[in-house]
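Open the model in your viewer and keep the selection panel to hand.

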Amino acid sequence: MSPAGLVVLISGRGSNALAIADAVAQQRLPARINAVIADRPADGLEAMAERGIDTALVERAAYAKRADFEQALAEVIEGYAPELIVMAGFMRVLSRDFVERFDQRMINIHPSLLPKFRGLNTHARALADGEREHGASVHWVTCELDAGPVIANAPVAVQADDNPVSLAARVLKQEHRLYPATVALLLSKPVSQRYEYFSNQKSLRLDRDFDDAGRWIQHPGG
Ligand code: GRF
């Protein structure tokens with residue numbers, strides 16, 4: 001059986017996309033990246049192309065209307081027939097039509113412990129609020145920004161001398177562990193059960209529910 005195909009959507013440096021590509025190459029993640037697609041010229045596209053992964057640019061700026069851009073993007077995605085669409089730093093809010101077209105097949109990573117700090121500047125906001133714990137979450141994409149059911153998160157302790165840059169760097173390191181581990185977790189369930197199962201359980205924690213290699217530990221009775 002060929003491994004599950006992924007399409008990864010990016011807008012920038014693509015370090016999470018790269019972490020997923022590494023996990024695939026090291027066989028920690030039984031999947032294939034069918035393509036990486038960006039909505040603007042992005043450093044991450046070049047890095048992925050250098051690894052021999054298909055890349056595509058569907059530039060938002062090339063379309064006057066959002067609906068036309070989304071239609072073009074959807075067609076490129078569908079051409080790669082992914083089992084999961086993995087948004088990794090894709091800086092765009094998608095319409096209801098688009099989300100429904102890929103309903104229950106789209107996930108995103110967000111740099112906060114959702115439901116806290118949806119939106120931008122999460123690290124600065126966490127510090128301003130005096131949070132002792134911050135982190136990152138992987139969630140299903142719905143029409144509302146950063147609001148879909150959370151699948152798994154990675155907590156990061158805030159240190160007394162943290163600033164937004166130092167905190168972001170530690171969170172990003174955990175994102176690079178969390179995202180491949182969560183994708184592997186999702187692919188461990190058949191597509192027909194995946195969304196339902198991983199929307200209705202308490203969100204998993206990277207430091208408790210996964211081993212060092214990123215494998216899901218199923219706790220007895222849990
Ligand atoms: C990450 O912090 C991710 O959580 C957020 O955007 C950033 C993307 O970074 N959604 P990269 O492009 O994966 O390096």
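Start with the ligand. The ligand lies between domain 1 (1-103) and domain 2 (111-136 + 151-222), because both domains give residues to the shell around it. These bounds come from an automatic or database domain assignment.

Two notes before you go on. Residues are numbered from 1 along each chain as its sequence is written. The model is predicted: local features need pLDDT of at least 70, side-chain atom pairs count only at pLDDT 80 or more, and totals for chains, interfaces and linings use all residues.

**Select the ligand shell.** It holds 15 residues, and R13, S15, N16, G89 and P111 are the closest. A residue counts as near if its C-beta atom, placed from the backbone, lies within 6 Å of the molecule. Now colour α1, β5 (106-110) and α6 (164-187): each supplies at least two shell residues. Helices (H or I, at least four residues) and strands (E, at least two) are DSSP runs, numbered from the N terminus.

Colour by class next. The shell has six nonpolar, seven polar and two charged residues. Ala, Val, Leu, Ile, Met, Phe, Trp, Tyr, Cys and Pro count as nonpolar, Asp, Glu, Lys and Arg as charged, and the others, Gly among them, as polar.

Domain 1 puts 15 residues into the contact and domain 2 puts in 12. Contact means C-beta atoms, placed from the backbone, within 7 Å.

**Stay on domain 1.** On its side touching domain 2, β1 (4-10), α1 (15-25) and β4 (84-87) each supply at least two residues. α1 gives the most, with five. By class, this side has 11 nonpolar, two polar and two charged residues.

Technical notes
Two residues are in contact if their C-beta atoms, placed from the backbone, lie within 7 Å.
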